Amino acid sequence: MNRMFRMIGLAVCGGVFCVSLHGQELNPVPYGQLRVSGELETRSLRNFDRLESDIYTPDNVFPVAHEGVSAGWPGDYEGRIILGLTLQAQATHREPKYLAELIDRIDTRVNAKGYLGPIMQDSILEQQLSGHGWLLRGLCEYYAWKQDDRVKQHIKNIITNLALPTKGYHAKYPIDPDERLHDVGEASGTTQNAIGNWLLSSDIGCDFIFMDGVIHAYTLFPDPELKGLIDEMVARFLQMDLVRIKAQTHATLTAIRGLLRYYEVTKDDKLLKAAANRYALYRDEAMTETYANFNWFGRPEWTEPCAIVDAFMVATQLWQDSGDPHYLQDAHLIYYNAMTHAQRANGGFGLDNCPGPEDDVLSVHTDEAYWCCTMRGGEGLAAAIQYTYFTGGKNRVYLPFFNTSEVSVPRSGGETTLLQRSQYPYKGHIELEVLATQGNNNATRLHLFAPEWAEDPAITVNGSPVSYGKKAGFLVVRSKLKQGDKIQYTFSMQPRLQPLSNTTIDRPGDRKISYGPLVLGHPGSEKRVLSEATPINRLGKDKWQVGESDPYSLTPIFHTLDPAVREGATYHKQVIFEVKDH
C-alpha cells in the first residue's frame, strides 16, 4: 500500500478525514471490563514475569549510587518499568510485586528540583528530557489508575522545574541535517555533540519523546503555560525533515502518538492530518518487509520493538480517529509479524535484522533489549488487550481484533457480557456467545472487522445465516442479543504473493508470501525462488508447501515464545523471494 493509496483511503471516508465512524467517537473498553485468554494472555503473562525478574527490582531500577541502567538517560529505565507494570497490571488483572515500592523510591532519588539526573543549568541534555518523557508517561498512567497525590506532585515537579524552563529552546532544537552527526549510535543511544544549548543524542529527535510525556501530563492537568510549550514542540517536530535528518523511528512514532494524544484534547484536524502524513512516510520509507522498523530513516541496520509498539498503537489510533480501515489492517500486520516475532521465550523483546533493502532472510540481531524494549513490550501487549473491543454510539460494539476473551459492554439501559472464541490468525473463525444480558433488550449493532484478505465472509446467529451491512471495513449485524445466543463469523484466507511495500527498495521482481495477516517464510538454508504459477498448498495449521516437483516448506514468522528464535542460533527464515518468470 503506497502513500497515494493511503491518502485515497482517507479521502473516501469523507472530505479529508472521518472524524469518527458514523459520527460517533470510538473508545476502547476499559481494562476492568475485559479479560483475554489464549495466545495473547500467554505472552502477556510471560512478559509480566520478565518485568518482575531481578533486573527490574527496586534496588536495580533505583540503585543507591544513582547510576545503573539509566546512566546517560535519567528517568528512562525508571519511567518505562513503571509504565509497563502499571498497564500490564490493569490488562492482566494481576497485582505487581514491585510497583508500589518503585513509586515510593522516587522521593529518595529525585534531585532538589524534583526530577532525576543533574539539575539543568546552561545546557539541555536531550536524553534527560527523553527519559523524563517515559517517566511522565508512567506516572500519568499510574495516577490515572490509583489517583495517588504523591504521584500528582511528582508530575507537577517535572513539568514546573524541568519542562517549562525549556520553553523557547525547543523552537531552536537543531533540525538542520547538515549540522547533525549521522551514522552514529548503538542500540542504546549516546550523547554525541553540542549545538547551541543542546547536548544531542544519537537517537535523533528523541526530544519529541519528551513531548509525548508532556502532552500526557497536560491531558490530566491542563494549563495555558504548558499548552504554549506543547505548541512550540509540535511546531518544531513538524518542521523536521525526518528523512534528511535520519530521525530515529522510535522517537518519530512516539511523537506521532503525542500528536494524536493532543488531537484528542484539541480536536484540531491539522494534528490528525499531520499524524497521518508522518505515519505514511514511516510506512513507505522506514518499515521492513515484515512490518517492523528501520531504527533510523535511511539506516536499515536493525529493528527496535519500542518503535514497533509505537507503530502498532499509532495505526490503531489513526483508525480510531479517522475511521480508515487501512490503518487497522496495518495494525494486524504489525502485531502478527513484527511485534510477536520480536518477543523472546523469556517474555522480553529483542532486535531483529531488516529484511528488504539487502537481506532476503529474517534473523535475530539481539536477543533482548531489556533496558527499553522489554518494558515497552508491556505497554504494547496491554494495548493489544484493550484494543480487542471498542464501543461507539448507541449500542454499537466493534471487534477490530480477534482474541479469545470475555467482555462486558454497556448498552442503553443495560449491559451485555460476551465470550469470544477465536481461531484467528490461522483460520477465519470467530464465535461470540452471549453469557448474560441485563436491562432493556435493545438491539445491538455488532461491527466485525473484515480485512482485505478475508474472503467469502458469512455470519450466522444460532446456526442460521443472517444478512449484514458493510461499512468502513466492518460487517455490521443488528440483533437483540439474549443469553445463550451464539454468533459465528467465518471467512476464508488464501496464500498470496505480494510486491514489496517499502518504496525505497528497488526490487520490482521480488515477492513476499502471506496468508491472512501472516508473513510466511522458508526456514531452510537453501535460498528458494518462486514462480507466479507455482501452487502453494496448506499442509497443516502452521505449515505450507510451495510447488510439487521440488517442494519447499513455509511457516509463519509469527510465533508464541518459540525458544528457537534467538541470537547465535541456526534460526532464520527467507521472507523475500525472487520470481523467476516475472
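This is a predicted model: local features need pLDDT of at least 70, side-chain atom pairs count only at pLDDT 80 or more; totals for chains, interfaces and linings use all residues.
Residues are numbered from 1 along each chain as its sequence is written, and side-chain values use heavy atoms, leaving out hydrogens and water.

**The sheet**
- Strand 12 (residues 414-422) and strand 13 (residues 428-439) pair in the antiparallel sense over nine bridges; strands (E, at least two residues) and helices (H or I, at least four) are DSSP runs numbered from the N terminus, and two strands pair if DSSP finds at least two bridges between them.
- Both belong to an open sheet of seven strands, in the order 2-11-12-13-19-15-16, with antiparallel pairing.
- At the edges are strand 2 (34-36) and strand 16 (464-465), each pairing on one side only.

**Asn403**
- Asn403 lies in the loop between strand 10 (396-399) and strand 11 (405-411).
- With 8% relative accessibility, Asn403 counts as buried (under 20% relative accessible area; exposed is over 50%, partly exposed in between, with a 1.4 Å probe and protein chains only).
- Not counting residues up to four places away in sequence, Asn403 touches Leu40, Tyr336, Ala384, Thr388, Tyr389, Gln420 and Ser422 (contact means heavy atoms within 4.5 Å).

**Helix 5**
- In helix 5 (residues 99-109), the buried residues are Leu99, Leu102, Ile103, Arg105, Ile106 and Arg109.
- Seen down the axis of helix 5, these buried residues fall within an arc of 165°, so they line one face of the helix (the arc is that of the directions from the helix axis to the C-beta atoms).
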